[in-house]
Amino acid sequence: MTSNKSPGGVASSYAMLVLALSVGVVFLNLGSLPLASLNEARRALPIREMFLSGDWLIPTLNGEWYIVKPPFYYWIAAALATAIGTVNEWVVRFPAAVAGLLTLALCYRAMIRYASPWAAIFAVQILIANSGFAVHARRAELEGLLTLFCFASLLCAWRYLEEGAARTWGVASYALLGCAVMTKGPVSLLFVTLPLLVYAFVQQDARGKKLLRDPLGWLILLLVSLPWYGLITERIGFDAWQPILKRDIVQKISGHVESEPFYSYLQWIAGAFFPVLLLLFWKPRETITGWWKNRTECLWLLSFVLPVIVFTLFKEKHAKYLLPAYPCLAMLLATRLAAYRELAGPRVRRVVEWAGPVLGFCFLGYFAWGEERYFAQRYQVLPEIQRFMAPQPAQLPLFSEKNFDVRAIYYIGRTVKELPDSDLKARYQASAQGLFFFEELPKEWQPSRNCLLSDFDPFVRKGQHVFVYRNGSDCTPVSMAPTSGGSSLPRNPSAAELRS
């Protein structure tokens, strides 16, 4: 069924309220929080280096090539940075925020066409009160933008399949899928192509099969997504992809990392969609059967269930991996919530209508006041690192241990040369001056205690530090080798000892 009705009366007032909540949840204090995670820093640093270097082809991370993920997110943020002349937390998060708001708008519009104004309102409410969706709409991470492109691609395909729209809609679906591939790689196909393939055969849908065989669509997809991969291969060589294929595909699917329990995604989904997921207990058999028999809802169901099944089989599991499937589940649950509202009495109906806005205001309050306090320990020293580095000479070389935290590198504001312990010691003993950053002091040697410039504590978590040392003639490194009697290495000095 389709509906082109616009909300009227009470529904119109609720729609305006939900719109205001959506904007608030996505944009309120967007740039006030320093980078809260490693993944945010892994996006922010390539954006800044792309903005400063002007090289938009090969992203870099701390001066090294970084092609683990395609650059579409970086391009959008770097373009914004170029327009306003700077890179900051607001700039690097803006693409995710706009993507989140557009996803909500598409969800609302799709439900207006398919179901009813109340179903559209409920679908948006479910997403803005969803912890996974709301948080990633405010983070400099790829999943928010990936969700927009995958969902938009799926909706274009739906218009072509179910409403008999022109071929243009099918081609648009492929173009948007190409943008998704340029955001996070071929994994995007799991959220669009796989559900469409299964749907076409389950429903024996001739238009579905025609869409999947459309040569123009596949050509558009390849033209959007392949040129960057080809240029990178031509510039760096095919060998550059081998470690990425091994780490990002092979190891995530069947690697030796400690795996989360197979039911982890079910737990995360239940938490993210609580309490609306309880609707599945209201006439569950009728609900599932109705979704399966309805062609449109069957497509949404497959677009949610199939990625869950596939990602459950992967060794490495993260809740955010399923974010592109969340809008489909939100629309399914919204149809049930709208049906429940129609059957409910006046009091229950008011509870159903107001539960979403109340939860939305809770999230709004969290992002306004609670988030900063909750993450304080994780980021509070990051601005201090930035202030410490501000007066340091631009030509002063910077060094650190291997795998130094990229969040610290972002706020240091310059390239930090990461070295193994032996090279780091040799560089520390050299006559040329530099600054040396440590999260953990080396076990075989340690810098002179009287050359400690700063101890940033706590860094990320309680008990973790970033130590900054200088070198020079009075900064002879201290050997930490075992004694001839075979005693164990002495412990690293505590922060209090280092400051004394």
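Reader: Which residues does N471 touch, not counting residues up to four places away in sequence?

Author: This is a predicted model, and in it N471 touches R427, Y428, A430, A432, Q433, G434 and F436, with residues up to four places away in sequence left out of the count. N471 itself sits in the loop between β8 (466-470) and β9 (478-479).

Reader: Why is N471 called buried?

Author: The word buried applies under 20% relative accessible area, and N471 has a relative accessible area of 1%, so N471 is buried.

Reader: What makes the approach of the side chain of N471 to the backbone nitrogen of G434 a polar contact?

Author: A polar atom of that side chain lies 3.0 Å from the backbone nitrogen of G434, and the cut-off for such a pair is within 3.5 Å. The backbone oxygen of Y428 lies 3.4 Å from a polar atom of the side chain of N471, which also falls within 3.5 Å.

Reader: What lines the largest cavity, by class?

Author: The lining has six nonpolar, four polar and no charged residues, around a space of about 70 Å³. Among the lining residues are S153, G170 and Y174; Gly counts as polar and Tyr as nonpolar. The largest share of this lining, four residues, comes from α8.

Reader: How do the residues lining the second largest cavity divide?

Author: They divide into four nonpolar, two polar and three charged, and the lining includes R138, E371 and E372, since Arg and Glu count as charged. About 50 Å³ of space lies in this second largest cavity.

Note on methods:
Residues numbered from 1 in each chain as written. Predicted model: local features only at pLDDT ≥ 70, side-chain atom pairs only at ≥ 80, totals over all residues. Heavy atoms only, no water. Helix = DSSP H or I, 4+ residues; strand = E, 2+ residues; numbered from the N terminus. Buried < 20%, exposed > 50% of the residue type's maximum accessible area, 1.4 Å probe, protein only. Polar contact = N/O pair within 3.5 Å; in protein donor to acceptor, adjacent residues only side chain to side chain. Contact = heavy atoms within 4.5 Å. 1 Å grid on protein atoms, 1.4 Å probe; cavity = no way out; pocket = protein on both sides within 12 Å on 5 of 7 lines; lining within 4 Å. Points joined across faces, edges and corners; volume = space filled by probe spheres on them.
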